[in-house]
Amino acid sequence: MSKTNITSRIPGFHSMSVEARIARLAELTDLDEAAIAQLSNTGNLEVETADRMIENVVGTMNIPVGVATNLIVDGREILVPMATEESSVVAAVCNAAKQCRSAGGIATSSSGPLMIAQVQLLGVSDPENARFKILERREEIKAICDETDPVLLKFGGGFRDLEVRVLETDDGPMVITHLIVDTGDAMGANAVNSMAEAVGPRIEAWTGGRVLLRILSNLADRRLVRARGVWKLENIGGAEVRDGMLSAFRFADADPYRAATHNKGIMNGVTAVVMASGNDTRAIEAGAHAFAARSGRYRSLTRWEGDAEGNLVGLLEMPMAVGLVGGATKIHPTAQTALKIMGVSKADELARVIAAVGLAQNFAALKVLATTGVQKGHMSLHAKNIAAMAGALGEEVELVAAKLKEMGKVRVDIAERLLAELRGGKA
Ligand code: MEV
């Protein structure tokens, strides 16, 4: 039973050691020894490292890392670690990748690592005039931005372009400046946010207005990746399968209710690699969905066509703001190992591999949905989880899972009954 006298006010909690925090938490929420031991075991992330990464740390959360096999990206055989809690995701990529190997795998390209920082200007009665005044200061703005991050400059990055828009809002017109910055191998949030903050006061001085927000945009549409794959008709099961998959794509492209699920499937692959590489999954998710809605309607991130030979062609284009320097990518030892497995040494290479996985994931989902339906494959892996949830141990897991599949009913209550019967039989 939970305590009624719990307080969420814990003075000094943030400055305690992790051990002391766990003890305090245990006291407040009645955690037993097993729960304390669970929190105290931080697995493959040193407790000191975890404690430096975020505030009020009391533990870590392990998620399985699986390796996607069979992928060829830009002619290179590559093994891709994926961190996900969802069964079928890794297997789906392996399957999809296998079916396009004979056509050469997946080809990728990118627009380069340009990030956008926004500076919001309020309180100008002549917004169009203000817009021009800011645009006239391009060289000064470039100098301010580049001075803000000399390290980025040294590695070939820095200010690239300036855009100023007058935005009509419920509060009247706002003048929005976009600083467009090559952030190289960094995701770039820190770099561009610092630049926006440095430019802010100057924009106020030039225009007489008031600068409010200075922050990057996660709609990173200057940092696009593209993946293209051809699946030969004979490898996917023929024209009927292809046509079903094309119809599934057109459904997603025409209907936001379907597009949300279709794109979620793409993100199953994308987010898993982003996570394994220690990058910011929310930044990628936000960018993906905003990009999917750029026409004013939420649509599919992929496009699918039949080529002249009748083969199925899949295309994915989406923002991919990932980095290799800074953040958890550098700090988390598993992320470093993941990068080593992939053999990527540039952020752009990583971004392209992620796009390839996203496309393969979408292929797998469309194929299963247009043929057997999702439950068959899903349930076979799911059955083992359900068996374990019902308390099955060791070889019981396989036995109960097999029986659940055979019955076509993958439910915990049935698993419990089967387990009891199994144990009864053994006794
Ligand atoms: C499940 O996580 C993902 C799918 O729903 C994707 C899709 O419907 O395209 C299978």
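Trainee: How do the residues lining the second largest pocket divide into nonpolar, polar and charged?

Mentor: This is a predicted model. In it, the lining of the second largest pocket divides into 11 nonpolar, 12 polar and four charged residues.

Trainee: Which residues are closest to the centre of that second largest pocket?

Mentor: The pocket holds about 550 Å³ of space. Of its 27 lining residues, A92, A364, A365, V368 and V374 are the closest to the centre.

Trainee: And which elements give two or more residues to that lining?

Mentor: Those elements are α4 (89-99), α11, α15 and α16 (374-389). The most comes from α15, with seven residues.

Trainee: Where does the ligand sit?

Mentor: The ligand sits in the second largest pocket. Two elements give two or more residues to the shell around the ligand, namely α11 (256-276) and α15 (347-370).

Trainee: Which element has the largest share of that shell?

Mentor: The largest share of the shell belongs to α11, with six residues. For the lining of the pocket, by contrast, α15 gives the most.

Trainee: Which residues surround the ligand, then?

Mentor: The ligand is surrounded by E86, R258, T261, H262, K264, G265, N268, A365, L369 and V374. By class, the shell has three nonpolar, four polar and three charged residues.

Trainee: How far is the side chain of K264 from an oxygen atom of the ligand?

Mentor: An N or O atom in the K264 side chain is 2.7 Å from a ligand oxygen atom. For R258, a polar side-chain atom lies 2.8 Å from an oxygen atom of the ligand. In the case of N268, an N or O atom of the side chain is 2.9 Å from a ligand oxygen atom.

Trainee: What percentage of the ligand's accessible area does the protein cover?

Mentor: The protein covers 85% of the 300 Å² of accessible area that the ligand has on its own.

Trainee: Changing topic, what volume does the largest pocket have?

Mentor: Its volume is about 1,300 Å³. There are 45 lining residues, and the closest to the centre are M53, G278, N279, A328 and H332.

Trainee: Which elements contribute two or more residues to that one?

Mentor: They are α3 (47-53), β2 (76-83), α8 (189-207), α11, α12 (281-292), α13 (327-331) and α14 (333-342). The largest share, five residues, comes from α14.

Trainee: How does the lining of the largest pocket divide by residue class?

Mentor: That lining has 25 nonpolar, 17 polar and three charged residues.

Technical notes:
Residues are numbered from 1 along each chain as its sequence is written. This is a predicted model: local features need pLDDT of at least 70, side-chain atom pairs count only at pLDDT 80 or more; totals for chains, interfaces and linings use all residues. Side-chain values use heavy atoms; hydrogens and water are left out. A residue is near a molecule or strand if one of its heavy atoms lies within 4 Å of it. A polar contact is a pair of N or O atoms within 3.5 Å; within protein, one must be able to donate a hydrogen and the other to accept it, and residues adjacent in sequence count only if both atoms are side-chain atoms. Accessible areas come from the Shrake-Rupley method with a 1.4 Å probe; for residues, only the protein chains shown count as cover. On a 1 Å grid over the protein atoms alone, a cavity is a set of points where a 1.4 Å probe fits but cannot get out, and a pocket is an open set with protein on both sides within 12 Å along at least five of seven lines; lining residues have an atom within 4 Å of a point. A molecule sits in a cavity or pocket if more than half of its atoms lie within 2 Å of its grid points. Helices (H or I, at least four residues) and strands (E, at least two) are DSSP runs, numbered from the N terminus. Ala, Val, Leu, Ile, Met, Phe, Trp, Tyr, Cys and Pro count as nonpolar, Asp, Glu, Lys and Arg as charged, and the others, Gly among them, as polar. Grid points are joined across faces, edges and corners, and a volume is the space filled by probe spheres set on the points.
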